[in-house]
Amino acid sequence: MLFIWFTLAGFILLFAPQTVTSRFQFAFARMFHWPLRTGKNVPLSAKTEVKIHQEDFGRKETQYQNYIMNLEEELRQKNQLIEQLTGMRTRLRGLEGAKLVPADIISAATEGQRGELIINRGSDDGLAKDMFVIGDNSVIGTITELSDKNAKVRLLTDATSAVQVNIPGLEINMIMEGEGRNLAKIKLVPVKHKIKVGDAVLVRKKPGLLDAAIVAGTVQQCKRDNKNASLWDITVKPACDAGNLNNVAVIVTQAMETKYQIPNDKSQKNHK
């Protein structure tokens with residue numbers, strides 16, 4: 001009897017108008033709203049929770065991968081810097097006992113009579129006035145002004161620059177003065193001394209600042225002085241174009257390091 005009644009009810013619903021069946025469907029949904037909603041939310045909440053966990057895991061994995069890549073790049077730069085400084089010590093005789101402080105060039109002014117660089121190292125890094133600065137294995141200038149974090153380098157070609165130099169084979173004191181336009185001049189050298197184009201010009205050893213003579217340029221032109229024919233007028237071309245450099249190194253001798261009690265990075269931070 002039950003089977004017959006349910007079958008008959010099924011046929012009635014099957015052939016009943018859509019408006020009637022729709023009302024019946026809506027009434028059923030309203031009557032069993034909470035059970036249906038609860039049953040639907042259980043799998044959805046489980047899926048949402050799994051998705052959230054997956055997203056969090058993926059995000060953290062990406063963060064760790066980026067962190068590792070940053071560390072690898074930092075390590076590569078450190079190794080490159082070590083190789084660069086090691087190469088300088090190997091190629092430049094007399095720097096074995098000196099400390100080389102690497103620095104990046106922030107800005108450069110090499111037009112006209114000027115020849116200056118601003119570097120991202122200062123007194124906090126142990127730098128002091130008159131320290132020599134090298135680039136491409138040659139002396140390019142000296143520190144003239146500095147703050148805690150930055151320093152100004154006056155290039156050898158600056159019109160206000162004057163350093164003691166010598167030419168190998170000549171036992172005389174010479175002063176090289178900046179001429180601007182990326183050139184320098186050596187004057188007051190008697191013509192009895194044989195000087196030719198291409199001769200190396202080295203910055204003389206300076207106690208406390210430079211432990212050995214280092215190349216600064218080469219003789220580009222050598223002619224008799226227009227005002228005094230008994231003297232040479234020597235034009236010097238720098239060993240490197242400072243305007244094309246991206247980084248340099250400051251020479252800190254043991255004497256200067258002791259004088260200013262320059263700490264290493266860790267002890268410097270602790271001291272602060």
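This briefing covers strand pairing and aromatic contacts in one structure. The model is predicted. Its strands include a closed barrel of 6, ordered 1-2-5-4-3-12, with antiparallel pairing. Neighbouring strands of this sheet are turned by 45° against each other on average, direction ignored.

**Barrel pairing**
- Strand 2 covers residues 116-119, and strand 5 covers residues 151-155.
- These two strands run antiparallel and share 4 bridges.
- E116 has R154 of strand 5 as its bridge partner.
- Strands of a sheet pair through backbone hydrogen bonds, either parallel or antiparallel.

- Strand 7 (residues 174-180) pairs with strand 8 (residues 183-190). The pairing is antiparallel, over 4 bridges.
- E177 is bridged to K185 in strand 8.
- The hairpin of strand 7 and strand 8 has 2 residues between the strands. In this hairpin, R181 takes a positive phi near 55°.
- Strand 8 is also joined to strand 11 (residues 231-238). They run antiparallel, with 5 bridges between them.
- K185 stands opposite T235 in strand 11.

**Aromatic contacts**
- How many aromatic pairs does the structure hold? The count is 0.
- A charge does sit over a ring: the charged end of R224 lies over W232. The distance to the ring centre is 6.0 Å.

Key
Residues are numbered from 1 along each chain as its sequence is written. This is a predicted model: local features need pLDDT of at least 70, side-chain atom pairs count only at pLDDT 80 or more; totals for chains, interfaces and linings use all residues. Side-chain values use heavy atoms; hydrogens and water are left out. Two strands pair if DSSP finds at least two bridges between them. Axes are lines fitted to C-alpha atoms, for helices over the stretch in contact, and angles run from 0 to 180 degrees between N-to-C directions. Rings of Phe, Tyr and Trp (its six-membered ring) pair if their centres lie within 6.5 Å; planes under 30 degrees apart count as stacked, over 60 as edge-to-face and the rest as tilted. A charge sits over a ring if NZ of Lys or CZ of Arg is within 6 Å of the ring centre and within 35 degrees of the ring normal.
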